[in-house]
Amino acid sequence: MTEPLYDEDPEPSERFPAGLLYVPFRPGPSGRTTLRLFRTPLGRRTAVGFTSRRRLVTTLGAEQAWLRLAAPALRALTAPLGVTTLTVDPQFTAPAATPERATPAAPNRAASAAQDRAASAAPASASALRVG
């Protein structure tokens, strides 16, 4: 008797074990579901899957809708969209803490406006993933 083969069997070159992932989705038009795609810190679109419901809830919240998909099925659904990256168990990160600046008692309006412009031009900290 031969051993049955399953689509979920991992390839030796795959970094993550195969199996069902908890994949976030959102309701779409006419009752259809739409996979949620995210962006990496470098701006690349990525599909996301979690190995447990607890990890999904910890990262995206208890209200996040999810479905179970195998990694190969998730890749097959996102490939026509040009999404070739699959991120498993991502974790959001908080921006780096910065010390508060002391402000002068009577700030100069021109200096205050210059500080506001400099603060708005400074790059913002990025999380591990962005909704995209």
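This briefing covers the fold, cores, side-chain pairs and backbone features of one protein model.

The model is predicted, with local features requiring pLDDT of at least 70 and side-chain atom pairs counting only at pLDDT 80 or more, while totals for chains, interfaces and linings use all residues. Residues are numbered from 1 along each chain as its sequence is written, and side-chain values use heavy atoms, with hydrogens and water left out. The protein has three helices and seven strands, where helices (H or I, at least four residues) and strands (E, at least two) are DSSP runs numbered from the N terminus.

**Overall layout**

- Along the sequence, the elements of the protein follow the order β-β-β-β-α-β-α-β-α-β.
- The protein consists of 132 residues, and 23% of them count as buried; buried means under 20% relative accessible area, exposed over 50%, and partly exposed in between (1.4 Å probe, protein chains only).
- Among contacts in the protein with a separation of 6 or more, 75% are between residues 24 or more positions apart; contact means heavy atoms within 4.5 Å.

**Nonpolar cores**

- A nonpolar core is a set of buried Ala, Val, Leu, Ile, Met, Phe, Trp, Tyr and Cys residues joined through side-chain atoms within 4.5 Å.
- The largest such core has 10 residues, namely Leu21, Val23, Leu37, Ala47, Leu69, Ala71, Leu74, Val83, Leu86 and Val88.
- At least two residues of this core come from each of β1, α2 (71–78) and β6.
- Apart from that core lies another, of five residues, including Phe38, Val48, Phe50 and Leu56.
- Leu69, a member of the largest core, touches Gly19, Leu20, Leu21, Val23, Leu35, Leu74 and Leu77 when residues up to four places away in sequence are not counted.

**Salt bridge**

- Side chains of opposite charge can pair when their charged atoms come close.
- The whole structure holds one salt bridge, defined as a side-chain nitrogen of Lys or Arg within 4 Å of a carboxyl oxygen of Asp or Glu.
- Its partners are Asp89 and Arg55, whose side chains meet at 3.0 Å, N to O.
- The pair links distant parts of the chain, 34 residues apart: Arg55 is in helix α1 (residues 53–60), and Asp89 is in the loop between β6 (85–88) and α3 (109–121).
- Asp89 is buried at a relative accessible area of 18%, whereas Arg55 is partly exposed at 36%.

**Aromatic pair and charge over a ring**

- A pair of aromatic rings is described by the distance of the centres and the angle of the planes.
- Rings of Phe, Tyr and Trp (its six-membered ring) pair if their centres lie within 6.5 Å; planes under 30 degrees apart count as stacked, over 60 as edge-to-face and the rest as tilted.
- One aromatic pair is found by this rule.
- In that pair, the ring centres of Tyr22 and Trp66 are 4.9 Å apart and the planes are at 65 degrees, so the arrangement is edge-to-face.
- Tyr22 is in strand β1 (residues 20–27) and Trp66 in strand β5 (residues 65–70), so the pair ties together parts 44 residues apart in sequence.
- Tyr22 is buried at 14% relative accessibility, and Trp66 is partly exposed at 30%.
- The charged end of Arg68 sits over the Tyr22 ring, 4.1 Å from its centre; this requires NZ of Lys or CZ of Arg within 6 Å of the ring centre and within 35 degrees of the ring normal.

**Positions distant in sequence**

- Leu60, in helix α1, is 36 residues from Pro24 in sequence and 8.5 Å from Pro24 in space, C-alpha to C-alpha.
- Beyond its neighbours within four places in sequence, Leu60 is in contact with Pro24, Phe38, Phe50 and Phe92.
- Thr40 occupies the loop between β3 (37–39) and β4 (45–49) and is buried, with 18% relative accessible area.
- Thr40 and Thr85 are separated by 45 residues in sequence and by 9.5 Å in space, C-alpha to C-alpha.

**Positive phi outside glycine**

- Ser30 is not a glycine, yet has a positive phi of about 60 degrees.
- Ser30 is in the loop between β1 and β2 (33–35) and is exposed, with a relative accessible area of 75%.
- Asp89, also not a glycine, has a positive phi of about 55 degrees.
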